[in-house]
Amino acid sequence: MLIHVVQQGETIETIANYYGISVMRLISDNGLKRTENLVIGQSLVIARPEVTYTVKAGDNLADIAEAHNITIMQLYRNNPFLSERESIYAGETIVIKYNTNGMITTHGNTVPFIDMNILKKTLPYLTYLSILNFTATDKGEIITYYDEAETIQTAKEYGVMPLMLVTTLSIKGEANVGIAYDILINEEFQNIQIENLLYLLEAKGYYGVNLSFEYINISNMRLYENYFNKIATSLSEKGYLIFATIGTNIMEVNGEINFERIDYSLYNEVVHNVIFMDFKWATNITPPSPIISISNIEAFLNYVGTFISSEKQIIGIATVGYDWELPFSAGISSIYFLTQENAVDLARNVGATIQFDEISKTPYFNYTMKRAGKEVAHIVWFVDARSENAILNLIIQNQLNGIGIWNITVFNPQLWVIINSQFEIEKVLME
């Protein structure tokens, strides 16, 4: 697997010819909807399958899978377009196998109202699916927003283990520190919450719970330990898996990398996996900065590795982008959420060249736009194939368990080709 960065004058045809792959494969692997005008600095994934097969008249997926000693799920994973139609056609080429090396766990976060077509295209690539549909209240109650029965059932059909993601955030990402502390200090509320968790886990058919902790610091760590240990003990006794999603809250101050130096030993003892992930919500409080920083994550991993075994660690990545108005003023400047595709389209539309920050391993670009007769400057930071591959390299170097995606409501072809062409994806339920 290679990543090509588009240069001046290149076209989809010249790039495909250079690497000896078909234009159609290059378009499909990168999810390109506009191929006539590539953006300078845009990243493209180049993946060469080890084994392909040309469909013959009368073939079906079951027979092809059996003939090549693979599962139908692997065919869907290697050829995501198959999930969008019911038939295969004589003469078309499908991927049977990539030259993979090793196994990886993949964890995706979603909301229950995800488009089912996107869900079905994504599930072949997932090990676990955490569904964000619950908010813990200060009295121990758990608010449920939507009926997620179809999402849970579909996940199981694709061999993906559904997990109940519980947070004190609202489903829109609105934070409430007070509620979190009310739960931490009140044992009665904790007991009520445990009863509600056990009821929902059984009633809805989840295999476990993913508890999200947004506000852990040195001063409240003991409260979190007591709370988490109590919940983990109660749920594990009933056979449920326990996951923890912990915000890294990494900051750079005067060129130094800062994060809470917390003893994470308890999590190593009681959780199935710990997912280190910062949820990325569009707010105008945070100043312009890279969406992720590989150098910061690496420093964080060096620290937590002394407390949590590598096989339990999952690194989270938010495959999003933000567009900030400049000059930035907290609470005043506008900020806009962008998908990876939106960011590239915006660069194309405004004639920008995509730059790349080698320290954070993230792309960015600047542009100006007229508003009310004035030129308004903007900066866009987002995540692309290079960022995603850099995370995978960290996972390999540190022998970690896998990668977590926030979130999967938009299908990201590049991400899944990068993962799928290098790793076998663990499935904990029968395929």
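Biologist: Let me start with Asp 345: is this residue buried, partly exposed or exposed?

Modeller: This is a predicted model, and in it Asp 345 counts as partly exposed because its relative accessibility is 21%. The cut-off for buried is under 20%.

Biologist: Which residue does the side chain of Asp 345 meet in a salt bridge?

Modeller: The general idea is that side chains of opposite charge can pair when their charged atoms come close. Here the partner is Arg 348, at 2.6 Å from N to O. Arg 348 is buried, because its relative accessible area is 10%.

Biologist: How many residues apart are Arg 348 and Asp 345, and in which helix do they lie?

Modeller: An α-helix has 3.6 residues a turn, so residues three or four places apart point the same way. Arg 348 and Asp 345 are three residues apart in helix H12 (residues 340-350), about one turn of the helix.

Biologist: How many salt bridges does the structure hold?

Modeller: There are twelve salt bridges. Lys 204 and Glu 148 form one of them, with 3.1 Å from N to O. This pair links distant parts of the chain, 56 residues apart. Lys 204 belongs to helix H8 (residues 187-204), while Glu 148 sits in the loop between strand S7 (142-144) and helix H6 (149-157).

Biologist: Are Lys 204 and Glu 148 buried or exposed?

Modeller: Lys 204 counts as partly exposed because its relative accessibility is 25%. Glu 148, at 1% relative accessibility, counts as buried. For another case, look at Asp 384 and Arg 386, whose closest N and O atoms are 2.7 Å apart in a salt bridge. Both of these residues are buried.

Biologist: Back to H12, then. Which strands does H12 lie across?

Modeller: H12 lies across strand S15 (320-326), S16, S18 and strand S19 (374-382), and runs at about 110° to S16. Its buried residues are Gln 340, Ala 343, Val 344, Leu 346, Ala 347 and Arg 348. What covers them includes S15, S16, S18 and S19, along with helix H13 (385-398) and H14.

Biologist: In what order do the five strands of the open sheet come?

Modeller: Read across the sheet, the order is S16-S15-S19-S18-S17, with antiparallel pairing. Strand S16 (335-339) and strand S17 (355-357) are the edge strands, each pairing on one side only. From one strand to the next, the twist averages 30°.

Biologist: How many bridges join S18 to S19?

Modeller: Eight bridges join these antiparallel strands, and Phe 365 stands opposite Val 380 in S19. The hairpin of S18 and S19 has two residues between the strands, and Ala 372 takes a positive phi near 55° there. S15 is joined to S19 by six bridges, again antiparallel, and Glu 325 stands opposite His 378 in S19.

Biologist: Let's turn to helix packing. At what angle do H2 and H14 pack?

Modeller: Two packed helices are described by the angle between their axes and the distance between the axes. For helix H2 (residues 23-30) and helix H14 (residues 413-420), the angle is about 105° and the axes are 6 Å apart. H2 is therefore roughly perpendicular to H14. In this contact, Ser 28, Asp 29 and Asn 30 of H2 meet Pro 413, Gln 414 and Val 417 of H14. By class, the contact has two nonpolar, three polar and one charged residues.

Biologist: And how do the axes of H1 and H2 cross?

Modeller: The axes of helix H1 (residues 12-19) and H2 cross at roughly 105° and come within 9 Å. That makes H1 roughly perpendicular to H2. From H1, Ile 12, Glu 13, Ile 15 and Ala 16 meet Val 23, Leu 26 and Ile 27 of H2. This contact has six nonpolar residues, no polar ones and one charged.

Technical notes: Residues numbered from 1 in each chain as written. Predicted model: local features only at pLDDT ≥ 70, side-chain atom pairs only at ≥ 80, totals over all residues. Heavy atoms only, no water. Axes fitted to C-alpha atoms, helices over the stretch in contact; angles between N-to-C directions. Helix = DSSP H or I, 4+ residues; strand = E, 2+ residues; numbered from the N terminus. Parallel < 35°, antiparallel > 145°, perpendicular 65-115°, else oblique. Contact = heavy atoms within 4.5 Å. Nonpolar A, V, L, I, M, F, W, Y, C, P; charged D, E, K, R; others polar. Salt bridge = Lys/Arg side-chain N within 4 Å of Asp/Glu carboxyl O. Buried < 20%, exposed > 50% of the residue type's maximum accessible area, 1.4 Å probe, protein only. Pairing = 2+ DSSP bridges.
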